[in-house]
Amino acid sequence: MTEKGGEDSSRSHVYSLNASDPAGELIDRTHVSDEESREISAVMQALGRLREAEQRLSDASLKYMKLNATDMRALHFLIVCGNTRTVATPGAIAAHLHISSASTTKLLDRLERGGHITRAPHPTDRRALAISVTEQTRQAAMDTVGRQQANRFYAVQRLSSSEREIVVRFLDDMAGEISLKDESWVKPE
C-alpha cells in the first residue's frame with residue numbers, strides 16, 4: 001500500500017510522533033489534543049517524505065554524474081555564478097562549501113581532471129583564478145537534477161499567495177527551531 005508521494009506506508013510511520021517519541025521524552029504533548037497530534041504527525045510525515053524524495057534525487061544525480069555530494073554542491077554554485085555573471089574564485093567556493101583552501105584545491109583538481117570545470121585568470125585580479133563549469137557538465141546537470149529540482153516550482157505555483165506566506169513562515173520557523181546555534185554538543189568547524 002502506498003501513500004501520497006508513492007512511499008510505502010510502513011516506512012512513513014517512522015516520522016509519526018507516536019513512533020519516534022512514544023513516551024514524550026523529547027516533546028511535551030500534555031496540552032496537545034489527539035486531533036492536533038494527528039495533524040502534527042501528518043506534517044512531520046510529509047516532511048519525511050520530502051526529505052526521502054530529495055535524498056533519492058540526490059543519490060541518483062551523484063550516481064549519474066559520478067561525483068560526490070561536495071562536488072555537486074560546488075558545481076551548483078558554479079552554475080549559479082555563471083547564471084548571475086559572478087566570477088567564481090577558489091576562495092568563494094571554499095567559503096560557500098565551508099571547506100579549507102587545501103580541500104578546495106583538491107576538489108578543483110578532481111573536477112578539472114573529470115572535465116567538469118575550467119580555470120582561467122581572473123578578469124580583474126591578477127592574483128586570483130576564475131573557475132567556470134564546462135558547458136557539457138552544465139548541460140548534463142540542467143537536464144537531470146536541475147530539471148527535476150525545478151519541478152518544485154509547480155507545487156509552489158499551485159498554492160495561493162496566502163498559502164505561500166504560511167509555508168515560508170513555517171519553513172523559516174522550523175529551520176530556526178533546528179538551528180545548531182548555541183548547542184553545546186556541536187563541535188565548532
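**Notes on the model**

1. Asp182 sits in the segment after helix 9 (161-177). From Phe153, Asp182 is 29 residues away in sequence and 34 Å away in space, C-alpha to C-alpha.

2. A word on the ground rules. This is a predicted model, in which local features need pLDDT of at least 70 and side-chain atom pairs count only at pLDDT 80 or more, while totals for chains, interfaces and linings use all residues. Residues are numbered from 1 along each chain as its sequence is written, and side-chain values use heavy atoms, with hydrogens and water left out.

3. On secondary structure, the protein chain has nine helices and two strands. Their order along the sequence is α-α-α-α-α-α-β-β-α-α-α. Both kinds of element are DSSP runs numbered from the N terminus: helices are H or I with at least four residues, and strands are E with at least two.

4. Now the overall dimensions. The protein chain has a radius of gyration of 21 Å, whereas a compact globule of 189 residues would have one near 16 Å. That radius is taken over C-alpha atoms, and the globule rule is 2.2 Å times the number of residues to the power 0.38. Along the principal axes, the C-alpha atoms fill a box of roughly 65 × 40 × 35 Å.

5. How much of the protein chain counts as buried? The share is 24% of the 189 residues. The accessible surface comes to about 13800 Å², and 56% of this belongs to carbon and sulfur atoms; the areas come from the Shrake-Rupley method with a 1.4 Å probe, and for residues only the protein chains shown count as cover.

6. For contacts (heavy atoms within 4.5 Å), take those in the protein chain with a separation of 6 or more: residues 24 or more positions apart account for 48% of them.

7. On charge, the protein chain has 25 positive and 27 negative side chains, and the centres of the two sets lie 10 Å apart. Lys and Arg count as positive and Asp and Glu as negative, with His and the chain ends not counted. Each charge is placed at NZ of Lys, CZ of Arg, CG of Asp or CD of Glu.

8. The structure holds one aromatic pair. The ring centres of Phe153 and Tyr154 are 5.6 Å apart and their planes stand at 85°, so the pair is edge-to-face. By the rule used, rings of Phe, Tyr and Trp (its six-membered ring) pair if their centres lie within 6.5 Å; planes under 30 degrees apart count as stacked, over 60 as edge-to-face and the rest as tilted. Phe153 is exposed at 51% relative accessible area, and Tyr154 is partly exposed at 43%.

9. Two backbone angles deserve a look. Most residues other than glycine have a negative phi. Lys66, in the loop between helix 3 (34-65) and helix 4 (69-83), has a positive phi near 60° and is exposed at 73% relative accessibility. His98, in the loop between helix 5 (90-97) and helix 6 (101-113), also has phi near 60°, and its 59% relative accessibility makes it exposed.

10. Last, a glycine within a helix: Gly82 is found in helix 4 and is partly exposed, at 48% relative accessible area. Gly82 and Met65 are 17 residues apart in sequence and 19 Å apart in space, C-alpha to C-alpha.

Note on methods. Buried < 20%, exposed > 50% of the residue type's maximum accessible area, 1.4 Å probe, protein only.
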